[in-house]
Structure formats: structure tokens, C-alpha cells
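Subject: Structure for you to look at

Hello,

Here is the structure I said I would pass on. My notes follow below it.

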Amino acid sequence: MSGLFITGTDTGMGKTVVAVALANALRAEGLRVACMKPVASGSRTTPRGLRNDDALALMAAANVAATYEEVNPYCFQPAIAPHLAARDAAVPIDVDRLVNCYRLLAGRADHVLVEGAGGWRLPLHPPPDS
Ligand SMILES: Nc1ncnc2c1ncn2[C@@H]1O[C@H](COP(=O)(O)OP(=O)(O)OP(=O)(O)O)[C@@H](O)[C@H]1O
Ligand SMILES: [Mg+2]
């Protein structure tokens, strides 16, 4: 199993802590580890663009080269549910783009750890009538 999806219901329940711990353990085994936070909300503006702390923590725990945009293709500033942030920013989340980033990382790593946003059933797209 080369891909691991780390999720759980609610914010602050330990997804990032667990993902970083898994990355540390896999690195200690001599394995190549990539991490992803495909969709993040709650981000800050930096000279290099929006940055999310989870994505930065995951990048720091990885040991294969990756750009920020590969690790976190969709980064929204407000700390609200990502599908609502995407709607407000008029930036639809393209699942193919997420899959492409995953495949790029998977080609460089033995394992890719992917941290979800919110909980199990958080949608990526707003309802059609919103
Ligand atoms: N070693 C530790 N022991 C106990 N609690 C810890 C430890 N390290 C971190 N925590 C706490 O555990 C919680 C887990 O936070 P974490 O950021 O991993 O959650 P998350 O599920 O990734 O949240 P988000 O939805 O924002 O991504 C935080 O409140 C953090 O302060
Ligand atoms: Mg997190």
C-alpha cells in the first residue's frame, strides 16, 4: 500500500499530527515519503502566495522534492469549509488536477501521505444551487 489517506471527523482531531508521525516513521525506515494536503483552507498571504500551515508541516516531514503547488494545489485564505471557500473564491476544485499532483508525487516516492480536510464526508464541490 503506497498511498495513505489520513482523515477523521472534525478539525483539530490529529490528522496533521498523525500524518507527520507516519512520515517520520517511514523516513526512519529509509523510505522515500511524499505528503499532500490537496485542499486547504485557513491560509496566510506570503510573498510567494497563500500558504497553509498543514501543507508546510507535511512538506517539512517529507523527503522527496516537491513544489508547494504540488503538495497543496488548492489553497484558500478563509478558515471555512473548503467547498465554501472555493465557491467564494470562484475557483472550482478540479479533481483531475488533484489526481495529477498525486501521481507526480507517487512517481518520486515509496509512499504518499494525503491529509484530508475536515471530516470523512466533507464535500469538495458546493451544491449545484448555491
Ligand atoms: N504530542 C501531542 N500530544 C497531544 N496533543 C497534541 C500533540 N501534538 C499536537 N497535539 C494537539 O493535537 C491536536 C491535533 O491537531 P492537528 O493539527 O493534527 O489536527 P487536524 O485534524 O490536522 O486539524 P485540521 O482540520 O486543522 O487539519 C491539536 O490540538 C494539537 O495541539
Ligand atoms: Mg491538519
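Going by ring-to-ring distance, there is one aromatic pair. The partners are Tyr74 and Phe76, with ring centres 6.5 Å apart and planes at 20°; planes under 30 degrees apart count as stacked, so this pair is stacked. Both Tyr74 and Phe76 are buried. Please keep in mind that the model is predicted.

Two arginines also sit over tyrosine rings. Tyr74, from the pair above, has the charged end of Arg97 over its ring, 4.5 Å from the ring centre. Over the ring of Tyr68 lies the charged end of Arg51, at 4.1 Å from the centre.

Now the ligand. The shell around ligand 1 consists of Thr11, Gly12, Met13, Gly14, Lys15, Thr16, Val17, Lys37, Asp54 and Glu115. Sorted by class, that shell holds four charged, four polar and two nonpolar residues. Helix α1, residues 15-28, supplies the largest share of the shell, with three residues.

Which residues place an N or O atom close to an oxygen atom of ligand 1?

- Thr16: a polar backbone atom is 2.8 Å from a ligand oxygen.
- Val17: a backbone N or O atom is 2.9 Å from a ligand oxygen.
- Asp54: an N or O atom of the side chain is 2.7 Å from a ligand oxygen.

As for cover, ligand 1 exposes 650 Å² when taken alone, and the protein buries 45% of that.

Regards

Terms used
Residues numbered from 1 in each chain as written. Chains lettered and ligands numbered in written order. Predicted model: local features only at pLDDT ≥ 70, side-chain atom pairs only at ≥ 80, totals over all residues. Heavy atoms only, no water. Near = heavy atom within 4 Å. Polar contact = N/O pair within 3.5 Å; in protein donor to acceptor, adjacent residues only side chain to side chain. Areas by Shrake-Rupley, 256 points an atom, 1.4 Å probe, with all protein chains shown as cover. Helix = DSSP H or I, 4+ residues; strand = E, 2+ residues; numbered from the N terminus. Nonpolar A, V, L, I, M, F, W, Y, C, P; charged D, E, K, R; others polar. Phe/Tyr/Trp six-rings, centres within 6.5 Å; stacked < 30°, edge-to-face > 60°. Buried < 20%, exposed > 50% of the residue type's maximum accessible area, 1.4 Å probe, protein only. Lys NZ or Arg CZ within 6 Å of the ring centre and 35° of its normal.
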